[in-house]
2 protein chains.
Amino acid sequence: MPMDNAIAAKAALDPQNFALANCLRALAIDAVEAAKSGHPGAPMGMADAAAVLFRKHLKFDAKNPGWPDRDRFVLSNGHASMLLYGLLHLTGYEDMTLDQIRNFRQWGAITAGHPEYGHAQGIEVTTGPLGQGIATAVGMALAEQRLAAEFGADLVDHHTYVFLGDGCLQEGIGQEAISLAGHLGLGKLIVLYDDNAITIDGPTSVSFSEDVPARLRACGWHVQSCDGHDGQALDAAIAAAKAETAKPSLIALKTVIGFGSPGKAGTYAVHGAPLGTAEAEATKAALGWTAAPFEIPAELGAEWRAIGVRGAADRAAWEARLAARPESERTEFLRRLSCDLPAGYEAALAKARATLFAQPKKAATRKASQMALEALTPALPEMIGGSADLTGSNLTRVPAVDSQYTREAPGRYIGYGVREFGMAAAMNGFALHGGFLPYGGTFLVFSDYCRNAIRLSALMGLGVVYVMTHDSIGLGEDGPTHQPIEHMASLRAIPGLTVFRPADVVETLEAWDIAIRNRHVPSLMALSRQDVPQLRLEAGAENLTAKGAYVIRQFGEGRDVTLIATGTEVALAVEAAEALHGEGMAVAVVSMPSWELFEAQSAEYRAIVMGDAPRIAVEAAGKFGWTRYVASEDDVIGMPGFGASAPAERLYQEFGITKEAIMARAKLLARG
Amino acid sequence: MPMDNAIAAKAALDPQNFALANCLRALAIDAVEAAKSGHPGAPMGMADAAAVLFRKHLKFDAKNPGWPDRDRFVLSNGHASMLLYGLLHLTGYEDMTLDQIRNFRQWGAITAGHPEYGHAQGIEVTTGPLGQGIATAVGMALAEQRLAAEFGADLVDHHTYVFLGDGCLQEGIGQEAISLAGHLGLGKLIVLYDDNAITIDGPTSVSFSEDVPARLRACGWHVQSCDGHDGQALDAAIAAAKAETAKPSLIALKTVIGFGSPGKAGTYAVHGAPLGTAEAEATKAALGWTAAPFEIPAELGAEWRAIGVRGAADRAAWEARLAARPESERTEFLRRLSCDLPAGYEAALAKARATLFAQPKKAATRKASQMALEALTPALPEMIGGSADLTGSNLTRVPAVDSQYTREAPGRYIGYGVREFGMAAAMNGFALHGGFLPYGGTFLVFSDYCRNAIRLSALMGLGVVYVMTHDSIGLGEDGPTHQPIEHMASLRAIPGLTVFRPADVVETLEAWDIAIRNRHVPSLMALSRQDVPQLRLEAGAENLTAKGAYVIRQFGEGRDVTLIATGTEVALAVEAAEALHGEGMAVAVVSMPSWELFEAQSAEYRAIVMGDAPRIAVEAAGKFGWTRYVASEDDVIGMPGFGASAPAERLYQEFGITKEAIMARAKLLARG
């Protein structure tokens, strides 16, 4: 079958690479046709670059996909998922069978519409929400650099490669990632940009006309341009990018979206819809592709499988180097990657607990968090901290996590800058890379800025800790733009995220302990600016926060009313309960640091804690969602709407989050 | 009192400007001292630039703050609020009294910690969440350009000035705004960048080392640098920025944060804390400032008041030009600004309603939204549309809103690019500017990306319409990253936002009608990808969606169970109800397109709709929050967690959102 002339000219530049790339194109075309939906354009345009990367550069071993020192490959333009599935299938990843490719985008298949972390080996990260792939890759590259500094370049020395499109560069988070990567000089981060001039709404010129190379140079990047269909040029460009070790690299690939399609190449028609039977056939003809659908010619298949084991010797050598290490180093390295707790952790925790009970403290829970970090981080070298430019407010910096991560020395504390979304995605990258338990701070209200990355932490099941301080109107004078109202509810609504709002120093330590143990669940701490008394005074080893909710005070026998409170309002509820008891009522106060953990308890336990007396909830936040535990929102002492600018005490008074308000409602509801 | 030498050198560059700027510095120092909290550093550093801008360039009339053709001044670094309050007070805005300044950050004062739109005249936008001020200003500048094209430059010809700091440039949304402004060549947008090299966590070099001028040039901006304390140089730079009409302008001001403070200038200590009594005194001494706290020397006060009325003649001339316009033009111009509905609107609406009842249609609600827009936008020239690069999916483009907004011609449809957050903030800018009812589309799941701008729409009370399509697992194959789960709950939790999830073409039209009438409330439409039958078949003028919820079907007499559903699940609930009735049960189906509107109804109405039979909720979303209307989350037929990639019908089956599941639960709950 004769090739189209223009295509033949490209093919002639590197015939072998072209032929291998055609396998990727054909699989993408066939899978999208079979699914009757999907995105063929980007895989067809990026196939040549993918072939070069996997053939010549990417360090991996398809038979040992978890090899810790493999290069990471991130498909930031996740809609191009068939490119990744094709690569994994062709190079011989065992779980990526032809059946899976045939079942692209179908129920139960590992070949979802966008790559889903955990579905298949070789999917390093869930992508699709644009801009987050590159931002997560920045975290991976930071992790690589830090881990290399800790364990040596003979064990840790790999690149992070990213494919991305215009969308990732238009999204603000893309710029946050670019700026941070340039600032920290991530020389092993190499980004291949699918500069195809096409976006969903038409040519990119409709909305995007900036000089991307100049922007990235301004941010400290090494930038090259390259014909994205010329295997030789691609090889040279990637080699040059690797040679530049002090700056992250961007290679802008001039590509044709839907490369090969006679009727649709270079148009947005090929971005997000199947080619259609006729055009699919015409495309294969134009590419000189004669194999049946889903069939790979034997020779090309063999070549691809050889690529898949190209790294086997490297991996074996690496295994040998690891084996040659002193046992203590080897064990620690493997412990870090396996997420096991270190030997010293339990002792550090026990000591911290004992100290709290020995010397009760009134403190803001953000301060309590800092105390917990001070106590635990010396035992946990995997913890790597940071803040989105609010260190002094979030109190995320502690002596063991104090060395600044700079381009010269990758320390344990990262100045993420005023880049909440970039920070959250980078933390996901740390967790995905392995070897780290990242935590990072901002104000709770700015969880809005990084919300989709928190969602991805949950969707991927990553042990990332969000330290979100200034968790209510208790923030005071900065006013309504800075006071979270709907945030507790909106975060509790995210599946798979554990949200904590601890009441005192003890609960805060307990919350940290849970977060540290749960390396496959993200945790979010909502912490106060203002001081709270220590309510938990009875020494004991049991982590009550792990139950999600428990009776923290009981006044009198039985219950006329139950007060459920979280965070700073637990102390307020205790005050109100005491006063109510003074007036003859029996009152239980339930501290509820985590709804999610409470829901995970047995029905019996939950029934005992909730009791059968009328219930009132107290939380200085919006009332939305509390009807899970109380009869109506009238039984919630909380915020009716946005906050205001004034000192915190005044705000509590004006918005009626007071002992008196709790008591009044309790008297109204109480039995008998 | 002798001035510090370095300060004296700056003062000598433009003594008059320096003296006027000192008034701003002194007020900021005093107010922050009095409040015992706040941010003195930026006002002190930017005072000279502010003085030049207000003295020489800003077109305004303090006695007529609402003059539509005034220049807009946006303080994107909102923590510098005292700079704005000082300017408003000194130039004679009547509501900004000295008492208000004295009560900075106190309960009831209009001088909140961050500028709050609506608190005082001259506060053009609520700022504080970084990056959004500049992004909102881009919307204002777009609005100015479009309104000028519609009504002529003799009525609309003003600039949009923005002050911002490093934080706004680090936030991703800042880049989205910069990129869009450069792309569309917003020549009347002039940004003054407080390049003070200090951020909360210390020197900006900790996290920010890019070449900002080069980045902005790459994005098509006109860039200058300037001594931020040299009044003459500032004047020249602003003049040059105005002279450049084809590109937005950035002036990078080399400034000293906390300028004047002998002990703290140039350090982050002065960013967000009072100077302290001694340092405040030393600062005033260094500045040569001898007046008592909160006192402005008479001569300087008079000079500032003169600045405040500098624009009065211009304004009068503008009034005359407006008065000279033909009455129809004048009336229409004023109508646009007053947000009144045009004469033709009711007829267009009535015709659209009639058409739906005459020819019932099965259609996706996103398609229904497009039909509503087709019918209504010809009558509403104030409606300006767009999408974050998902036009063909959001169906936001219609014949009357089809002309692309380009740098050559400001049309009615904006290609916002893959910039959801930038789009949302720009829509806020359109609404704030006046003359427009903006709407813009993206996928519902990506409400995450623009969430804080939605919050600001609500906090400011702006008539902005978010068109969020692909509102559930009904999105199908794109999988869990693209399927909203927690989004309905998390949006319903935002105070002041009206969230709609209409069930069919009629409810969708009704939702649009409500959104169009409510010009001081933001609306968010959650719209389906997949088709739904038309359920509302009885002709009539009453907008039932305005009630938030109503009985859409009643099967049998009385109620054994009530099914509450939203959006695409209303049809499913009707099917289940019909089948249950076939088995002898009496069932009411409640369609609930908007929780917020339902809550605004009388208790009587709500009780009637809810009934006293057991209730089941049906919504293809997370269950969080539904306990407001049903006894427990077990009574919600919804999503237990994240979605999956597969065709939509299969997902509904697998996740158990089916007629059978509704029936089974109903039978379990139903009374005797």
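**A walk through the two chains**

Let's start at B:Cys339, which is partly exposed, with a relative accessible area of 24%. You'll find B:Cys339 in the loop between helix H14 (327–338) and helix H15 (345–358) of chain B. Its phi is near 70 degrees, a positive value in a residue other than glycine. Before I go on, please keep in mind that this is a predicted model.

There's another residue like that over in chain A. Phi of A:Leu395 is near 55 degrees, again positive and again not a glycine. A:Leu395 sits in the loop between H17 and strand S10 (413–415) of chain A. Is A:Leu395 buried or exposed? Buried, at a relative accessible area of 15%, and the cut-off for buried is under 20%.

Okay, let's zoom out for a moment.

Now, where the chains meet. Chain A and chain B bury about 7700 Å² between them, and 56% of that is on carbon and sulfur atoms. In chain A, the residues that lose the most area to chain B are A:Trp107, A:Arg455 and A:Phe624, together 12% of what that side buries. The contact takes 94 residues from chain A and 94 residues from chain B. If you count residue pairs in polar contact between the two chains, with both at pLDDT 80 or more, you get 51. Sorted by class, the side of chain A that touches chain B has 37 nonpolar, 35 polar and 22 charged residues.

Keep A:Arg455 in view, please. Its side chain meets that of B:Glu486 in a salt bridge, at 2.7 Å from N to O. Several elements give two or more residues to the side of chain A that touches chain B, among them helix H18 (420–433), H19 and helix H20 (487–492) of chain A.

Why can we call helix H19 (residues 451–460) of chain A largely enclosed by the rest of the structure? Because ten of its ten residues are buried. A:Arg455 is one of the buried residues in H19(A), and A:Asn452, A:Leu456 and A:Met460 are among them too. Just after H19(A) comes A:Gly461, with a positive phi of about 70 degrees.

Side chains of opposite charge can pair when their charged atoms come close. A search over all chains finds 75 salt bridges in the whole structure. How many salt bridges does the rule find across the interface of chain A and chain B? Eight.

Here's a pair that joins the chains: B:Arg105 and A:Asp478, whose side chains meet at 2.9 Å, N to O. B:Arg105 is in the loop between helix H5 (98–102) and helix H6 (132–151) of chain B, and A:Asp478 is in the loop between strand S12 (465–469) and H20 of chain A. Both B:Arg105 and A:Asp478 are buried. There's also a network of salt bridges linking A:Glu599, A:Arg606, A:Arg628 and B:Glu633.

Within chain A, have a look at A:Glu510. It forms a salt bridge with A:Arg353, the closest N and O atoms being 3.0 Å apart. A:Glu510 is buried at a relative accessible area of 1%, and A:Arg536 counts as buried at 7%.

A:Val270 lies in the loop between strand S7 (249–254) and helix H11 (277–287) of chain A. A:Val270 is buried, with a relative accessible area of 0%. Its contacts include A:Pro40, A:Ile257 and A:Leu275. Over in chain B, B:Asp635 is in the loop between strand S19 (615–622) and strand S20 (636–639). B:Asp635 is buried too, at 4%, and among its contacts are B:Arg615 and B:Arg665.

Technical notes
Residues numbered from 1 in each chain as written. Chains lettered and ligands numbered in written order. Heavy atoms only, no water. Buried < 20%, exposed > 50% of the residue type's maximum accessible area, 1.4 Å probe, protein only. Helix = DSSP H or I, 4+ residues; strand = E, 2+ residues; numbered from the N terminus. Contact = heavy atoms within 4.5 Å. Buried area = accessible area lost by both parts, 1.4 Å probe. Salt bridge = Lys/Arg side-chain N within 4 Å of Asp/Glu carboxyl O. Polar contact = N/O pair within 3.5 Å; in protein donor to acceptor, adjacent residues only side chain to side chain. Nonpolar A, V, L, I, M, F, W, Y, C, P; charged D, E, K, R; others polar. Lists of a residue's contacts leave out its neighbours within four places in sequence.
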